[in-house]
Structure formats: C-alpha cells, structure tokens
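Work through the exercises below with the sequence and the model side by side, and try each task before reading its solution.

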Amino acid sequence: MSQVTVGLDIGGSTTKIIGFSNDKLLKECLVKASDPVASAYGGFGYFLRHNALALQDISDIRITGVGASFIEGKLLELPTTRADEFLSVGLGGLYAAKVEEAVVVSMGTGTSLVYANGKSVRHVIGSGIGGGTLQGLSNTILNIRDIDTVTELAESGDLGLVDLTIADISKVSIPGLTGETTASNFGKVKDTARVEDLARGIINLVFQSVGTAAVLAAKLEKTKNIVFTGNLIRVTPGLSVLKSFAELYNVNVIIPEHAEFATAIGAALSRYYKS
C-alpha cells in the first residue's frame with residue numbers, strides 16, 4: 001500500500017473520513033458518537049480497518065470542521081494538520097463535481113457558501129438555515145427530532161396543503177415563474193394538513209432558502225455551476241427542490257457522488273494546495 005493522505009471532517013458528534021492513496025480515492029467512513037473526540041478516534045480507527053490499512057501506511061492527516069479544535073496535535077499518536085474549513089469545502093466540492101469553478105454549498109447544521117476555482121477559494125456568505133433548522137422545526141411542529149424519520153414522512157407529503165403558490169394568488173402567468181413556484185412557505189396551511197404534509201413543507205422551506213442563497217451567490221460570482229454538498233444531501237425530498245432551481249434560474253445544479261464527504265476530501269487535498 002502506498003502512503004495515504006487522510007482527510008477528516010469533524011462535526012460536533014459526527015466524523016466523516018476519506019483518504020487518497022496516490023490519486024486513488026479510498027472507501028469513506030462516517031461515525032457518530034457522543035462528542036467530537038470520540039467520533040474522530042472511532043472514525044479514524046474504522047477507516048483504517050475498512051481500508052485494510054496500518055498506522056504506518058498513513059503519511060498525512062488533515063482535519064477540519066467545528067470539532068477539529070478538540071483534537072490536540074495527534075490522532076492515535078500520528079501528527080495532524082488543521083485544514084481551513086472554507087478551503088476544504090471548495091477543494092472538495094470541485095473534486096467531487098469534476099468542475100473547474102463553482103459556488104460550493106456545504107449544507108450542515110448551518111450553511112456555508114464558497115466560490116472556488118483552480119486558483120483560489122473564498123468564502124462568499126453563510127446562512128443559519130440548515131440541518132439544525134430542519135431538526136428544530138421538526139421537533140417544534142411535529143415533535144420529531146430524527147431527520148431520517150422526517151425524510152421518510154415527507155416522501156408522501158403534499159405541499160399543496162402547506163405552501164402558497166403563484167397559481168394560488170395570480171390568474172395570469174408571471175414571466176420566469178411557473179404556477180407551482182412557491183409564493184409563501186407555510187402560507188396556506190390547511191386544517192387537514194397531515195404530519196407528512198408538514199414534514200414536506202419544512203424540508204421545502206429549508207432547501208428553498210438554501211437554494212435561493214446559492215443562486216444569488218452564483219450570480220454574484222458570475223458562474224452557473226452550483227455544487228451542493230454536506231449532510232443534508234441525504235434528505236432526498238430536498239434534492240428535487242434544489243434541482244428545480246436549474247430550470248428556474250438557468251444554473252447548473254450539481255449534486256455529486258461523495259457529496260456528504262466532500263469537505264473531508266477537500267481537507268485531504270489541502271496538502272497540495274498553494275495559495
């Protein structure tokens with residue numbers, strides 16, 4: 001086995017880890033634990049076993065994410081290097097999407113948006129709307145905190161019982177908008193709305209908010225490529241919301257393979273980045 005560069009994206013309780021052996025991307029791992037240190041150590045150990053690696057096979061460990069500050073110098077006695085999170089988001093997004101420039105959107109507890117090309121990566125803007133919003137609203141409205149459960153419920157939800165659309169408020173077409181375009185999230189909640197419908201409405205609100213910010217960032221940076229990455233990509237009803245922005249605003253919406261692990265990929269790639 002050639003020497004391996006490893007990238008870890010350490011969250012508050014979840015660590016995503018992936019690595020490169022030369023130019024080959026290895027098998028990714030995701031581990032949840034009670035705190036960032038436990039998830040990082042557990043994730044790294046699982047990654048080694050999952051890819052049949054020994055400690056001596058590892059040449060470089062790059063860590064990023066909000067939980068990276070809890071790792072003090074070494075991981076299983078191997079030295080680590082802190083990778084800038086925005087840099088990791090940009091590099092990982094471009095690699096996963098196989099494009100040369102884009103606005104890369106990292107959808108985690110909140111949302112960060114960066115612009116990346118072959119020469120530079122820079123933070124554009126951030127939003128407090130993300131997975132934390134989805135979980136908090138679901139807990140408050142539905143009394144459900146588990147995002148996987150909310151996702152499953154939303155699959156059979158009817159937005160027509162929750163959101164107000166352009167067709168609801170206008171008898172004539174509006175240039176550039178379809179009748180199904182949302183005019184107001186939760187602007188038409190019916191008394192007959194079920195849990196499934198409300199779950200769909202919550203997901204629609206979060207993903208439309210993120211998608212709108214992404215389109216504005218892309219127009220600001222004069223690029224049509226928008227790459228969506230992060231934990232929220234597993235909320236499948238939200239993916240159709242993001243894809244709808246492609247036709248509505250004439251942008252290229254890209255949801256790449258390894259989207260959840262893009263920031264970890266970028267952390268590993270930061271070894272080769274020269275600003």
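A residue counts as exposed when its relative accessible area is over 50%, and as buried when that area is under 20%. The model used throughout these exercises is a predicted one.

**Exercise 1.** Decide whether Lys222 is buried or exposed, and describe its place in the chain and its backbone.

Solution. Begin with the location: Lys222 lies in the loop between H6 and E14. Next, take its relative accessible area, which is 73%, so that Lys222 is exposed by the cut-off of over 50%. Finally, turn to the backbone, where Lys222 has a positive phi of about 60 degrees although it is not a glycine.

**Exercise 2.** Carry out the analysis for Asn250, stating its loop, its phi and its exposure.

Solution. Asn250 is found in the loop that runs between helix H7 (236-249) and strand E15 (252-254). Its phi is positive, at about 55 degrees, although Asn250 is not a glycine. With a relative accessibility of 52%, Asn250 counts as exposed, because the cut-off is over 50%.

**Exercise 3.** Determine whether Phe228 is buried or exposed, and find what surrounds it.

Solution. First locate Phe228, which belongs to strand E14 (residues 225-229). Its relative accessible area is 2%, and therefore Phe228 is buried, this being under the 20% limit. Then look for its contacts, leaving aside neighbours within four places in sequence: among them are Val105, Met107, Val210, Gly211, Ala214, Leu242 and Ile254.

**Exercise 4.** Describe how helices H4 and H6 are arranged, and which residues make their contact.

Solution. The axes of H4 (residues 147-154) and H6 (residues 195-221) come within 7 Å and cross at roughly 110 degrees. Because angles of 65 to 115 degrees count as roughly perpendicular, H4 is roughly perpendicular to H6. On the side of H4, the contact is made by Val150, Thr151, Leu153 and Ala154, while H6 supplies Val195, Glu196, Ala199, Arg200 and Ile203.

**Exercise 5.** What radius of gyration does the protein have, and what would a compact globule have?

Solution. For 275 residues, a compact globule would have a radius of gyration near 19 Å, and the protein's value of 20 Å agrees with this. The C-alpha trace spans about 70 × 40 × 25 Å along its principal axes, and buried residues make up 48% of the 275 residues.

Key
Residues numbered from 1 in each chain as written. Predicted model: local features only at pLDDT ≥ 70, side-chain atom pairs only at ≥ 80, totals over all residues. Heavy atoms only, no water. Axes fitted to C-alpha atoms, helices over the stretch in contact; angles between N-to-C directions. Helix = DSSP H or I, 4+ residues; strand = E, 2+ residues; numbered from the N terminus. Parallel < 35°, antiparallel > 145°, perpendicular 65-115°, else oblique. Contact = heavy atoms within 4.5 Å. Rg over C-alpha atoms; globule rule 2.2 N^0.38 Å. Buried < 20%, exposed > 50% of the residue type's maximum accessible area, 1.4 Å probe, protein only.
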